Amino acid sequence: MHSRIDFILPLFCLFAAFQGSYSAARRKSTPPDPPSSVVFQVTGNVYPRGYYHVTVNIGNPPKPYWLDIDTGSDLTWLQCDVPCTKCLPAPHKPYKPNKDLVACMDPLCASVHWPETHECKSPKDQCDYEVQYADHGSSLGLLVKDWFPIQYMNGTVAKPRLAFGCGYNQEVHSSMDPPYTDGVLGLGLGKSSILSQLSELGVTRNIVGHCLGAQGDGFLFFGYDPVPSSGVIWTPMSTTEIEKHYSLGTAELYVGGKTTGTKGLRIVFDSGSTYTYFSAEAYKALVSMLTNDIKGKQIYNANDDKSLPLCWKGSKPFKSIQDVRNVFKPIMLSFEKSKNVRFQMDPEAYLIISEHGNVCLGILNGSEVGLENINLIGDISFHDKIIIYDNEKQQIGWAPANCKKLPNIYDDGDPDNGGLCKPYGSNLDILQAYCAA
Ligand SMILES: *[C@@H]1O[C@H](CO)[C@@H](O)[C@H](O)[C@H]1NC(C)=O
Ligand SMILES: *[C@@H]1O[C@H](CO)[C@@H](O)[C@H](O)[C@H]1NC(C)=O
């Protein structure tokens, strides 16, 4: 099965020190003249690929790397040649670092190790890191700094120097097909994430968003410009959460407008997870309601399909989700603290059509992978929506969107270049495919 859960499992035992760092982040106000936004084209799909990546250019001269977009963790890392002890098959040669190492004493190093403490024997020590994801994948390496040229939507290029992980030892669980990428782009709200570093340097605003198409591909952005001016449903990030994840507080689960009776579900958004994971109780209620709904509808359990644990077949193979739209009802999360805030998942946001033409449930039992009482909303449920993580206003928003259409706000009226393409596609890989003659 091709799928990932790029999510750092929480440690629930430490809080005091943490509240402080949260409020520090909140205090930082919007700069008077906010910088323009940055847009990246996203490639990938939930099935069969299992992940979405962007091309990021790093170094001087810049070289391209494919990074898995992950709002469920902070640290960005690349497979790295120092030399590489264990590198997985990847689209590009491992990154070769220059001599600019992040020191063990650097606050960034402490933030990568948080909530554990780390020891620096001498001020000249390097900063070692290890990240472990919920799917048991991991990366081990050291923190380095290098140039990250990025192109604003107005065409201007900025060249910030950012810290990231140089990973010389990567592991994946034996049952997993490793994703074909060079590393992970960490977009979490911790200090070490690329987003936090960019906003700290004043290069971009502390806002990230993504739009992942149900048919594959989409876009990722830093900044506010691509956010639709209307139709976005906003809900506050949960600041009572002691973990540094994009949490939305608790919700009640509905299927086809009827409550499942499961409430108090703690919801976290994570673009690094391919599928959505519900805690055991919610998962059980969901499966039982879906199973009830399909009774007598010419659709049967497909025990022969190993794509996902729960698949169904029809009298003939399904070609698209469209074929089962009248069988499967929308699933909905209704947020308990914010009145009328609902996150609706239509069939394309929780089902896939397998290679055998069966329809499979893309919501899995989180208890089976150790997520316990966290409900992780993954890529499948973000299909055809723009999702905005606004760390400045501490809120998360969503709206239906056409993810194939890249934000086109500097429209100069010429349909041939779509406004965006004029300054784009020149010196960076970004958007080249869209802007090619
Ligand atoms: C483009 O946007 C950046 C960031 O806001 C700004 O620094 C730069 O001056 C702008 N360039 C042009 C040509 O407007
Ligand atoms: C979900 O996983 C837990 C832990 O493995 C298990 O006890 C439970 O029976 C599972 N629920 C369903 C409905 O499969």
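Mentor: The model is predicted, and every value below is computed from it. The largest nonpolar core has 117 residues, and Leu 143, Phe 219 and Leu 286 are those with the most contacts inside it. Domain 1 (28–227 + 411–422) and domain 2 (233–400) both contribute residues to this core, so it lies between them.

Phe 219 gives a detailed view of its surroundings. Apart from neighbours within four places in sequence, Phe 219 is in contact with Val 39, Phe 40, Gln 41 and Val 42, as well as with Cys 211, Cys 403, Leu 406 and Pro 407.

Tyr 168 counts as buried because it has 21 C-beta neighbours inside 10 Å, the threshold being 20 or more. When residues up to four places away in sequence are not counted, Tyr 168 touches Cys 80, Val 82, Cys 84, Thr 85, Leu 140 and Gly 141.

The ligand shells complete the account. Around ligand 2 are Ala 280, Tyr 283, Lys 284, Val 287, Asn 365, Ser 367 and Glu 368; helix 4 (residues 280–293) gives the most to this shell, with 4 residues. By class, the shell of ligand 2 has 3 nonpolar, 2 polar and 2 charged residues, whereas that of ligand 1 has 2 nonpolar, 3 polar and no charged residues.

Terms used
Residues numbered from 1 in each chain as written. Chains lettered and ligands numbered in written order. Predicted model: local features only at pLDDT ≥ 70, side-chain atom pairs only at ≥ 80, totals over all residues. Nonpolar A, V, L, I, M, F, W, Y, C, P; charged D, E, K, R; others polar. Near = placed C-beta within 6 Å. Helix = DSSP H or I, 4+ residues; strand = E, 2+ residues; numbered from the N terminus. Core = buried A, V, L, I, M, F, W, Y, C linked by C-beta atoms within 7 Å. Buried ≥ 20, exposed ≤ 12 C-beta atoms within 10 Å, placed from the backbone. Domains from an automatic or database assignment. Contact = placed C-beta atoms within 7 Å.
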